[in-house]
Structure formats: C-alpha cells, structure tokens
Amino acid sequence: MGSDDKIVDVNFESLLRIFTVPEAPDSTLGNIEQKLSQNLNEFLREHIVAEEKPLSEIEKDFLNSAIPETPTFVSEHTQHLLDTVVSHSVHTSAPSFIGHMTSALPYFLMPLSKIMIALNQNLVKIETSKAFTPLERQVLGMLHRLIYQQGDDFYQHWMHSAEHSLGAFCSGGTIANITALWVARNNALKADGDFQGVGKEGLYHAMMHYGYKGMAVLVSERGHYSLKKAADILGIGQQNLIAVKTDSQNRICPIALEETICHLKIQNIKPFAIIGVAGTTETGSIDPLDKIADIAEREECHFHVDAAWGGATLMSNNHRYLLKGIERADSVTIDAHKQMYIPMGAGMVLFKNPSAMTSIEHHAEYILRKGSKDLGAHTLEGSRSGMAMLVYSSMHIISRPGYELLIDQSIEKAKFFANLIEQQQDFELISKPELCILTYRYVPLKTKKALAIASAKEKEELHQLLNELTKFIQKKQRENGRSFVSRTRLTPEKWGRMETNVFRVVLANPLTDKGILHSVIEEQRKIAKTSPIVLPKIETLTSTILQL
C-alpha cells in the first residue's frame, strides 16, 4: 500500500481501515514487523547509521510546526521514520555501546508489547484494567518479597488488599523517589490533634504546628539528580536536600551523616528521611545500608534506598549480600528498565509497611472510590499503561536463576575490564566496580611518572589538561560511531579531591564480549594520539617536570 503519485483521501472509510485492516505482509511496515521478530539486533544494525550526524542537521527534518492537512500512506510514513528517526537513533543495544544504562532487550518483548498496546489498559482504575490490576499487584508483591522476604501468609493477606498497597508502578526512578519522599514527608507531618496533616493544610501550617524551622533529606554526594526535583516539588527546598561526604569508594560516610544530623537538629531542622544509594549512577557504588538503617532507626527517620540501578542484584543469590541492610529500608526504588531488561518506562517503589501509602491516598467520586482496588489511589501518576505485564512475563520467562546468570556475568565482566585497564601502562582505573559500572581515564605512561613527583600547581595543571584529553577522546569515539562510553566527573581521594573527568562504562549488556572491551581501549588509545592540541601540551609539561 502506498505510492508516490497517489494521495490519501480524508474520509471516514479510509480512517476505519487504519483501525481495522493491518498492512500487507510485503509492505514497508509488514517487512519491518517481520525483521523485528526474526532478528532485532540485525534490524537495528542495518537501519541505525553508525557515524554520528550533528543534532543541528537532524533538527532540519523536524522544523515544520503545522499539523498536516493531508494524510500519508502508512508505509510511506514508515519509510520516513526509517530515514529520519531510526537511522539517527542511539544504538543502545549495540554490544560496543557500553556507556548507557539501557541494554539489549529479549526478543519476546516485541510481540508481547504489541499485546499490551492492543489491549490499551489504563491502570489508574479497575474498570479499565480488570486483569492488569491484580497482575500489577502480584508483580509488586514479587519485588516486595525479593527485598523484604516475608512469608506466604504476609502476601496472601496484603498483596490484593483494597485498603493497602505494597508499592506503586511508575514511569521510572524519578517518580519512584518522589513518591517515597512524598510518603515520608506526609507521615512525618501527619494529622495531630486539630492539625489535619500536611496533605490537607500545607507545609507552612505543618511547620507551625510541629515547631520546625525546616525539613531535610540526607543523601550522599553521589545521590541522583531526581532527589533535587523531589525536594523542590515537596516544598522542602533544594537547599534542604543535604549532600553528605563520601569515602574513597564513593559511599556515604556514616560518621559524616551523624554529624550532619546533629548540626541540623541544632538549627531545629527536622531530618525526616535518609537515603541510601544501592548502585550510584556514576560509579555503581553501594552505601553501607545496615549502618544507615541503624542511624535512621535511632533518629526516627524514614529510610529510603534508591536501588534504581542495583536493586536487580537481589535476584542473584551469589551477590545479594552486596545489598545487605536493604531489607531494613522503609521504601525501595527499583527500575525494571535497567538490569531487569525491560523497555524504558518501568520503575517501581516498594514499601515495607503495607499501610505506609495511606498517607498519600486520594479518592474521587467518579474514580478511585474508597474500598475499590484502584491502583491510582496510591500513585502520583494518573493514567498509566500496563508495563507491569512485561515485567511479569520476563520474570516468568527468564526466572530468578536466569536473572542471576545475567547479573553475575555483568559483575564478572566489569571485574575483567577493571583488571584489563590496570594492566595497561597508559590507562588509570579511577573507581573499581562493585556492580557492573566502573570509571577510568587515559594517562600516558610518562605523565603518570610526572604526576608522582609534580608540585601541587603542576599536578593541577596536568589534571586540567588530562580532563580536556578525556573530553576529546570521549567525544571523538562517540562521533566515530563504532563504540561508545559515557563521561562523568568525579573527585577521587587519590588526587586530593580534584575534579577529574573520567570514562564511565556500564557492562550490563550480555552481548558485550571481552574482545569488544579490548577494542574499546585500543580505539581510545589511537584517538588520544590524534589530539592536535591537548596531547602536545601534556607531553611538554610532562617533559618539563621529569627533567626537573
């Protein structure tokens, strides 16, 4: 269907066809469907252009702001998407693209997604998601059990209770973290005597009633940026999201945490939530959750664990110990679209206490009636798709032991790559992997020797030049399109907390092999030697220092 010399009529009969009649198997869309089903990665390799196109050039295809007055044939538009969107998309599932937290997807999710889209359920209320609502409650129960390990009786009693919720499905870690802190804030400023609670009367009246000058949330320096959004939205202010010092392994320092709490209490600022990070975005580090739990219990603070990245590690009996203490958290964030290999848009927040979310419960006469099992009564988002079905299916098809294999191989691969970097004379490992994220940078061998004897001023100058070189390598590698690593900025203790640009890799993709890791390093080495300005400056300064 479709031709360059044909025009589609705007009539109701033709509109009905796009609702009822599928494209022919030999059409552009039909061919795409077949290729996607047969070999997803081959389709992406074939249609995504390797060499990067400048964003300004891509924008030229999307300049017209007028809604079209004439319809387009489906196959004609599909070809347009292939040429303008697919070809210049980021190949997140490519085995050599190891800078993203997204990965290759299991093939079965493509046809299952079609079922989910065709059903078009709205999870806000039971009337539009009759089977999906109990399914989602079961998925939340499964993840709750993975974290808190309660027995069968607990889940039989609470999982499908209309008045309770074990958690909430949401679009990602940001909404999950906001939900957790929303619950924490409302429980900290709950109804008391004549005061009807912060949800009814607002933050000003809550402060007046409880006699606080402010409310604070504490998290490590490596806390996710979504927490600033939460502090803003919840009215406590971004300045009251307090960053606590981290140690040489990028984990929160418990002593610094206790000192910060004491300082806040002297100012009459109530620390109502402490956040432990289980898998920081930058380095994959895991905070000492048990120690944080001790402090949170003593201070009567809500203990939230942001395990958006590392939560799936609980699937592995071999590495579950890395998250010891998570079972003591009041709430936990997990993103299924990260290490559970689900498409984007599947986050969850779980609560230890099935009654915790009562503090944010909301109802309306036409929807979310009291006593109903409407999931929307306890969610920040209203209308939502049935993404829980894909998590449900993956947990059955892959199973826990399957996830264990995926988690274990990713951690072992990260250890291999860390060892490989340490074996290179001209690379420096910055952060060792706890999970499957690590950071490193390129440093010429002579420059390493120069750094060891350089004065403070020379050291700082060399670091600035190395930062520029890291930026050059990372950008050039991305533009080449053969492989990709991301870039971030850390403050390593080894280098006196100087800001240091580093390469960041995420090794969750099961298709990434050791040969690819070797080639990534080799490509970076070759790119470094083509630096027209920065490398010569580094070499000159290095020679000066070594001659002295």
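UniProt positions are given in the numbering used here, with feature names shortened, and the annotations may be inferred rather than shown by experiment. The model is predicted, so local features need pLDDT of at least 70 and side-chain atom pairs count only at pLDDT 80 or more, whereas totals for chains, interfaces and linings use all residues. Residues are numbered from 1 along each chain as its sequence is written, and side-chain values use heavy atoms, with hydrogens and water left out.

**View 1. The annotated lysine K338 lies in the loop between β6 and β7.** The unreviewed UniProt entry carries the annotation "modified residue: N6-(pyridoxal phosphate)lysine" for K338. K338 has 18% relative accessibility and therefore counts as buried (under 20% relative accessible area, with exposed meaning over 50% and partly exposed in between, for a 1.4 Å probe and protein chains only). Leaving aside residues up to four places away in sequence, K338 touches M101, A308 and W309, where contact means heavy atoms within 4.5 Å. The side chains of K338 and D335 are joined by a polar contact of 2.6 Å; such a contact is a pair of N or O atoms within 3.5 Å, and within protein one must be able to donate a hydrogen and the other to accept it, while residues adjacent in sequence count only if both atoms are side-chain atoms.

**View 2. Strand β6 (residues 331–335) is largely enclosed by the rest of the structure, because five of its five residues are buried.** Helices (H or I, at least four residues) and strands (E, at least two) are DSSP runs, numbered from the N terminus. S331, T333 and D335 on one side of β6, and V332 and I334 on the other, are all buried. Strand β5 (residues 302–306) pairs with β6 in the parallel sense over three bridges, two strands being paired if DSSP finds at least two bridges between them. Strand β7 (residues 347–351) runs antiparallel to β6 and is joined to it by five bridges, with F351 in β7 as the bridge partner of S331.

**View 3. Helices α2 (residues 28–38) and α3 (residues 40–47) cross at roughly 125 degrees, and their axes come within 5 Å.** Axes are lines fitted to C-alpha atoms, for helices over the stretch in contact, and angles run from 0 to 180 degrees between N-to-C directions. The two helices, α2 and α3, are therefore oblique to each other, since angles under 35 degrees count as roughly parallel, over 145 as roughly antiparallel, 65 to 115 as roughly perpendicular and the rest as oblique. I32, K35, L36 and Q38 in α2 meet L40, F43 and E46 in α3.
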